[in-house]
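User: Could you walk me through reading helices and sheets in a model like this one?

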Amino acid sequence: MSTRRFFWKVLLVTASVVVVTALLVNWRVTSVAEARRLAVIEARTLDEALMYARLVAEPLARDVVGGDARAAALQTQARGLSAELAGRRFTLISRAGAVLADSHEDPALMDDHGQRPEVLSPGQAFTRESTTLGRRLLYAAQAVRSPGDGQALGFARVARSVEDIEAELGELNRATQVAAALALAVGLVLALFVSSRLTRPLQRIAEVLAAMGRGDSYGNLPVTSRDEIGQLATHVNDLSERLRDRMGRLAASVQQDRAILGAMEEGVLAVDAGGRIVLANGAAARLLGGSDDDPAGRLLAEVSRAPDLLAAVEACLQTGTKVTLGVKASSAAGERELQVNVVPLVDDAQDVEGCVTVLRDITELRRLETVRSDFVANVSHELKTPVAAIMGYVEAILDDPDMEPETRRSFLGHAAENSSRLSSIISDLLALARLESEDAVSREDVDLGQVVGRVVDSARVGAELEQVEIQWDATPSAPHVLGDARSLERAVSNLVENAMKYTPRGGHVRVGLRADESFAWIEVSDDGPGIPAHEQERIFERFYRVDKDRSRALGGTGLGLSIVKHAVSAHGGQITVESVVGDGATFRIRLPLPVGPDETDRSGGR
Ligand code: ADP
């Protein structure tokens with residue numbers, strides 16, 4: 001299409017140039033040719049008039065008065081000359097202006113010619129419309145002078161038509177028209193050639209630029225000439241190269257930004273002034289909508305059902321100020337508590353063109369805060385009871401110096417019992433604190449056979465007293481782990497103590513140790529009352545007891561299993577419980593075995 005348009009333009013320009021040139025040439029040539037031709041004819045006619053003047057000088061001088069015979073002779077002569085020189089008209093005019101002879105008319109009928117311009121200025125030619133013949137004629141007159149004294153006798157005039165000049169000029173015109181038509185034809189071919197020569201590379205450049213504009217490709221044009229088109233192609237290639245480079249860097253940077261946003265735990269969400277989501281990272285999508293689908297392009301109000309969040313974004317868009325608030329939102333992971341910061345995005349003119357919202361999931365933080373404050377309340381409560389008891393007994397003794405020795409001993413015994421309880425709680429709390437700071441757990445080679453063996457040995461005395469049988473099924477190849485012997489011993493000891501505490505007289509406590517490819521397993525089971533299924537998850541929480549009074553009566557702090565759980569997880573292990581109410585309980589510790597070269601050490605260490 002564009003080739004055709006270009007072709008027509010070139011053709012139009014060429015045709016205009018040809019036509020204008022042809023017209024100019026035609027005008028100039030015809031006017032010059034006409035002037036030349038006229039000059040030649042004028043000179044010739046003047047010569048003919050001179051010749052006529054010479055011919056009539058003699059007879060006119062002979063008899064100036066004239067007579068019919070002479071008039072007839074002059075008339076015959078004029079006619080004869082006209083017959084000889086076809087197309088000429090000969091007229092003889094007297095000095096006074098009367099026509100004496102005329103080759104075409106009767107002189108008697110002709111008017112006075114004394115005022116004719118050629119008669120007034122002999123020796124000059126004049127072109128005018130003939131009054132007698134009604135045609136355009138050239139007139140030239142010469143004075144007839146007496147051969148003897150040179151006295152003026154009259155005027156010899158020759159007239160002739162100039163129409164043959166016009167015919168000649170008409171031919172000239174036709175020749176110019178043919179030349180113009182030929183030039184036009186050449187112009188057409190030229191237009192075709194120029195347009196195809198010019199437009200092909202231009203069209204290629206246009207195609208490449210259009211593709212660059214669409215971002216489809218960055219073409220490399222062949223540079224075939226050093227003219228303006230060649231320079232244009234070179235510039236387009238440079239531009240394409242720079243654009244490709246810049247787009248590449250931009251894409252990399254966008255990729256990087258996406259990766260950073262994608263890796264963020266915080267949800268990041270950008271909306272435009274109309275509340276439509278422009279960008280959202282995966283965390284934002286999950287926190288708001290509960291799905292991983294990219295919500296970009298949708299309205300925030302469609303994606304989130306948290307009215308507080310929508311109101312905050314709306315407020316930010318309206319006022320252009322930062323908004324911070326806590327929001328509850330339901331996502332796939334259930335009800336989440338979010339801390340939301342909404343910051344306006346302003347353009348150069350300080351108009352709000354959108355806002356960025358950062359969503360922080362603080363559900364876990366809040367839970368931990370609650371756990372911490374609950375823990376502080378629990379600790380205070382747990383400590384208060386024995387402290388109050390001790391204070392009570394001591395004050396009673398102090399208040400009554402005459403107290404019965406028996407009563408005093410009993411009171412002191414209670415105070416001592418509560419002191420020991422206080423000490424147990426404090427010692428368990430310290431153990432927990434120590435386990436929570438991971439650095440305190442050393443990583444040395446621990447022979448689990450020795451650890452469990454020591455616990456069983458020290459439990460045997462108490463077991464005999466309680467009439468509980470302890471069965472210890474150690475495997476012949478006791479496994480080794482990397483860790484802290486003291487905290488592992490405390491964990492196993494807590495399990496064995498619990499088992500003995502909750503096992504009735506005559507019952508059994510079984511302690512087992514075994515290993516497979518990757519893990520060491522320590523099992524402690526008993527014949528006790530068991531733990532209800534719904535409590536099994538919670539017994540590992542601090543200060544949680546299934547039966548508070550019974551636990552206290554048995555000297556429990558409610559921290560034992562919590563310590564076990566912490567110690568085991570500090571070693572990368574797990575603690576589980578299996579129990580049926582009335583049918584005892586089995587606690588199972590799973591500890592990962594060291595990998596690599598340590599494996600040989602492990603078997604060699606036994
Ligand atoms: P406590 O000092 O009270 O024993 P633990 O943290 O050791 O505290 O245990 C938490 C609770 O788990 C106990 O109060 C008890 O109700 C229950 N429990 C622990 N071990 C056993 C067991 N072997 N048999 C039955 N219940 C148990």
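Predicted model: local features only at pLDDT ≥ 70, side-chain atom pairs only at ≥ 80, totals over all residues.

User: Let's begin with α9. Why does the distance between its end C-alpha atoms agree with its number of residues?

Analyst: Helix α9 covers residues 363–399, which is 37 residues; at 1.5 Å a residue these should span 54 Å, and the end C-alpha atoms lie 52 Å apart, so the two agree.

User: Where does α9 have a kink?

Analyst: Look at Lys 384, where the helix kinks by about 25°.

User: How do I read the sides of a helix, and which residues of α9 are buried?

Analyst: The general idea first: an α-helix has 3.6 residues a turn, so residues three or four places apart point the same way. In this helix, the buried residues include Val 379, Glu 382, Pro 386 and Ile 390. Ile 397 is buried as well.

User: What do those buried residues of α9 pack against?

Analyst: Their neighbours are two other helices, α10 (405–436) and α14 (548–553).

User: On to sheets. In what order do the strands of the five-stranded open sheet come?

Analyst: In general, strands of a sheet pair through backbone hydrogen bonds, either parallel or antiparallel. Here the order is β2-β1-β5-β4-β3, with antiparallel pairing. At the edges sit β2 (99–102) and β3 (125–129), each of which pairs on one side only. From one strand to the next, the twist averages 25°.

User: How many bridges join β1 to β2, and what packs on the sheet there?

Analyst: Strand β1 (residues 88–94) is joined to β2 by three bridges, and the two run antiparallel. To find your place, note that Thr 91 stands opposite Asp 102 of β2. Helix α2 (residues 68–84) packs on this sheet and touches both β1 and β2, with its direction at about 40° to that of β2.

User: And why is β17 described as largely enclosed?

Analyst: Strand β17 spans residues 585–592, and six of its eight residues are buried, so the rest of the structure largely encloses it. Seven bridges tie β17 to the antiparallel strand β15 (residues 519–526), with Phe 519 partnering Pro 592. Another six connect β17 to β16 (residues 574–579), again antiparallel, and Ile 575 has Ile 589 as its bridge partner.

User: Which residue takes a positive phi in the hairpin of β16 and β17?

Analyst: That is Gly 582, with phi near 90°; the hairpin has five residues between its strands.

Terms used: Residues numbered from 1 in each chain as written. Heavy atoms only, no water. Helix = DSSP H or I, 4+ residues; strand = E, 2+ residues; numbered from the N terminus. Expected span 1.5 Å × (residues − 1). Bend = angle between axes of the 7 residues up to and from the residue. Buried < 20%, exposed > 50% of the residue type's maximum accessible area, 1.4 Å probe, protein only. Contact = heavy atoms within 4.5 Å. Pairing = 2+ DSSP bridges. Axes fitted to C-alpha atoms, helices over the stretch in contact; angles between N-to-C directions.
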